[in-house]
Amino acid sequence: MHSHRRRNPIRRGAPALLSAAALITGGLAVVSQSAAFATTTTTSTATTASAATVHTHRLCSEPSKPGYMACEAVERTDLKTQKSLGHHDTPKGFGPADLQAAYNLPKDAGKGATVAIVDANDDPNAEKDLAAYRSQYGLPECSTSNGCFKKTDQDGGTNYPAPDAGWAGEISLDVDMVSAACPQCKILLVEAKSASMDDLGAAVNQAVKQGAKYVSNSYGGNEDATDTKADDQYFKHPGVAITVSSGDSGYGVEYPAASPYVTAVGGTSLKKDSSTRGWSESVWGTSAGGNGAGSGCSQYEAKPSWQKDTGCGKRAVADVAAVADPATGLAVYDTYQASGWNVYGGTSASAPFIAGVYALAGTPGTGDVPASYPYAHPDQLNDVTSGANGSCGGYLCQAGKGYDGPTGLGTPNGTAAFTK
């Protein structure tokens, strides 16, 4: 099944043009080695989805020029969109109860905290789609009228940018994942007028200006020599937890995930099992590369003092991870040039989810870089020790005990790893 979405040429460089070419064939792609997928109920029911039948398409296409970004959202196209649900139906994909159970999250923390979502272009249906998602799962209302939801442009006003179907899907994924992680949190959606790093960066600054202590960025592009300047302009916000998707093209580093001022969020395949935890995870990707969570060693960014891996002299990506594999994907409600309930994945799912986890953990220290927090508490994370996103020959693409590139230090096990 081919996606109905328009594809717009907006991305900053091509972090993996070869990978993207190998990934996309006629609009369909095989994206995961995962052999399990769960439909969402309070106790998930496993169904089989072999790698040969898991097809996807990226919501944002490759860029037309340098300096532009693409969103990191991936849509399952082998599953029929659910336009409406019968009385006993549930959306396909993991929902809030699944994720709260998998990551041992408190349900009532985070009240009053504001998580900002930064994306390009406008989603005209963002608020009503969010309402449908939260109603389906029994989450508290989050609307403009009750002060929980706010949408603004990058200048802090209501002169919203042009709408875009791909970025609207990204926005739906982002607000739904914040809702799943932190149902009590407020959500601030800041829409940049374009997918340029300068406009997206201005939106980050606007989010911080409006008081958000947690800012999610689900986009990325090729590294270049100007990144260190962008760090200081847009991402150097002590006391603010800024999360960034690590990428969806497998082994390879993207910006702004490489910034030492952000928490770079990788991705996993998440499966329900009979273990004590009740869930297991592996790297989203394959050793063949070309798809999966991004990782690697930055070309330009200095290594933060809190990062101690020895095989990369500069900034290593990622720091932590959460579910991102579309084959074990997330239920998302999206109606702007889309038809309702879809299953999405990509590290665009894991970055806003981790922003919500930071919000559950509490306000960061005033002068802190919250990306450092997990490094002080690695034993409070679920260590992911299997899988790969490429064939680099070491930990930067291969999971193992302790730190590795695709999943960083691991995935949330409660919130202790996300505090000082």
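A disulfide here is a pair of cysteine sulfur atoms within 2.5 Å. I kept that cut-off at hand while going through this structure, which is a predicted model.

**Entry 1: disulfides**

I searched the whole structure and got five disulfides. I then numbered the bonded cysteines of the chain in sequence order and read the pairing as 1-2, 3-4, 5-6, 7-8, 9-10.

Cys-182 and Cys-185 came up with their sulfur atoms 2.1 Å apart, so they pass the cut-off and form a disulfide. Which hand does the link of Cys-182 and Cys-185 have? I found a torsion of about 75° about the S-S bond, so I wrote down right-handed. For burial I used the limit of under 20% relative accessible area. Cys-182 has a relative accessible area of 1%, so I count it as buried. Cys-185 also comes out buried, with its relative accessible area at 1%.

Next I went to Cys-142 and Cys-148, a disulfide with 2.0 Å between the sulfur atoms. The angle about this S-S bond is -85°, and the link is left-handed. I checked burial here too: Cys-142 and Cys-148 are both buried.

**Entry 2: the Cys-297 link**

Cys-297 is joined to Cys-312 by a disulfide, S to S 2.1 Å. I noted 85° about the S-S bond, which goes with a right-handed link. What does this pair tie together? Cys-297 sits in strand E16 (residues 292-302), while Cys-312 is in the loop between E16 and strand E17 (314-317), so the link ties parts that are 15 residues apart in sequence. Are the two cysteines buried or exposed? Cys-297 is at 29% relative accessibility, so I put it down as partly exposed. Cys-312 is at 3%, so that one is buried.

**Entry 3: the sheet around E16**

Since E16 carries Cys-297, I followed that strand into its sheet. I found an open sheet of three strands, ordered E12-E16-E17, with mixed pairing. Strand E12 (249-251) and E17 are the edge strands, each pairing on one side only. On average, neighbouring strands of this sheet are turned by 35° against each other, direction ignored. I counted three bridges between E16 and E17, in the antiparallel sense. Which residue in E17 is the bridge partner of Gly-296? I got Val-317.

**Entry 4: the four-stranded sheet**

I then turned to an open sheet of four strands, which runs E3-E5-E20-E19 with antiparallel pairing. Its edges are strand E3 (56-58) and strand E19 (330-334), and each of these pairs on one side only. The twist I noted averages 45° from one strand to the next. How many bridges do E19 and E20 share? E19 pairs with strand E20 (residues 340-345) over five bridges, in the antiparallel sense. Within this pairing I found Leu-330 opposite Tyr-344 in E20. I also looked for what lies across these strands: helix H4 (residues 165-181) lies across E19 and E20 and runs at about 125° to E19.

**Entry 5: Asn-121**

My last stop was Asn-121, in the loop between strand E6 (114-120) and helix H3 (126-136). With a relative accessible area of 12%, which is under the 20% limit, Asn-121 is buried. What does the side chain of Asn-121 reach? I traced it to the backbone oxygen of Ala-162, at 3.2 Å.

Methods
Residues are numbered from 1 along each chain as its sequence is written. This is a predicted model: local features need pLDDT of at least 70, side-chain atom pairs count only at pLDDT 80 or more; totals for chains, interfaces and linings use all residues. Side-chain values use heavy atoms; hydrogens and water are left out. Buried means under 20% relative accessible area, exposed over 50%, partly exposed in between (1.4 Å probe, protein chains only). Helices (H or I, at least four residues) and strands (E, at least two) are DSSP runs, numbered from the N terminus. A polar contact is a pair of N or O atoms within 3.5 Å; within protein, one must be able to donate a hydrogen and the other to accept it, and residues adjacent in sequence count only if both atoms are side-chain atoms. Two strands pair if DSSP finds at least two bridges between them. Axes are lines fitted to C-alpha atoms, for helices over the stretch in contact, and angles run from 0 to 180 degrees between N-to-C directions. Contact means heavy atoms within 4.5 Å.
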